Amino acid sequence: MTDVEAAGPVLPQERLHNFRDFGGRPGAEGRRVVRGRLFRSGHHARATEADLAALRELDLRLVVDLRRAVERRERPSRRPDPFEAMVIEHAGPEDVQELAPHLAHLAAPDVDEAKIRERVRTTYGGYSADETYVEVWRRYFPALAAADGPILIHCHAGKDRTEIGRAHV
């Protein structure tokens with residue numbers, strides 16, 4: 001199975017980047033994630049009316065937005081109307097950093113392959129224990145267990161932080 005196949009099929013959307021169903025992916029004790037229950041995507045700031053209609057049809061019960069406050073301010077999510085899902089947002093500090101921490105190091109003037117490898121290892125390895133994400137996980141897991149319907153987890157691009165959140169399922 002390729003990485004793309006393992007990530008699940010990309011669902012047809014116009015401007016929602018990387019929208020996928022986690023259904024069919026391996027879970028604990030040999031079980032699999034139920035199809036149509038857990039989705040991922042990038043941000044929703046550029047969602048078209050057709051995208052919003054597709055989200056409305058999903059009847060999401062929980063949305064977990066792993067973007068930092070500055071990312072949400074710069075690219076606020078568009079939501080379908082009506083929208084009744086519970087939303088859990090990353091509640092980290094009101095930072096002013098333009099780039100997400102896992103990307104900021106790429107702009108350093110002395111960046112090289114070894115520094116990128118080390119930064120990726122420490123950044124991604126730290127998401128599970130980072131206190132700002134631990135707070136998200138504290139709210140996410142009970143809501144995940146209680147959600148009576150589809151769940152969407154997303155960050156800016158719908159891959160890095162989102163995959164960390166998905167890995168906790």
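Trainee: Let me start with two side chains: are Trp137 and Tyr140 buried or exposed?
Mentor: Residues are numbered from 1 along each chain as its sequence is written, and side-chain values use heavy atoms, leaving out hydrogens and water. Buried means under 20% relative accessible area, exposed over 50% and partly exposed in between (1.4 Å probe, protein chains only). Trp137 and Tyr140 are both buried.

Trainee: Which arrangement do the rings of Trp137 and Tyr140 have?
Mentor: The structure holds four aromatic pairs. Rings of Phe, Tyr and Trp (its six-membered ring) pair if their centres lie within 6.5 Å, and planes under 30 degrees apart count as stacked, over 60 as edge-to-face and the rest as tilted. For Trp137 and Tyr140, the centres are 6.0 Å apart and the planes at 50°, so the pair is tilted.

Trainee: Which helix holds Trp137 and Tyr140?
Mentor: Helices (H or I, at least four residues) and strands (E, at least two) are DSSP runs, numbered from the N terminus. Trp137 and Tyr140 are three residues apart, about one turn, and both lie in helix H6.

Trainee: How far apart are the ring centres of Tyr140 and Phe141?
Mentor: The planes of these two rings, Tyr140 and Phe141, stand at 35°, so this pair is tilted. Their centres are separated by 5.2 Å.

Trainee: Moving to the strands, which residue in S4 is the bridge partner of Asp65?
Mentor: Two strands pair if DSSP finds at least two bridges between them. Strand S3 (residues 62-65) and S4 run parallel, joined by four bridges, and S3, helix H3 (residues 69-74) and S4 make a right-handed β-α-β unit. The partner of Asp65 is Glu89.

Trainee: Which element has the lowest mean pLDDT?
Mentor: Strand S4 (residues 86-89) has the highest mean, 93, while the protein averages 78. Where pLDDT is low, the predicted coordinates should not be read in detail. The lowest mean, 45, belongs to helix H1 (residues 3-7).

Technical notes:
This is a predicted model: local features need pLDDT of at least 70, side-chain atom pairs count only at pLDDT 80 or more; totals for chains, interfaces and linings use all residues. pLDDT is the predictor's confidence in each residue, from 0 to 100. A crossover is right-handed if, with the strands pointing away from the viewer, the path from the first strand over the helix to the second runs clockwise.
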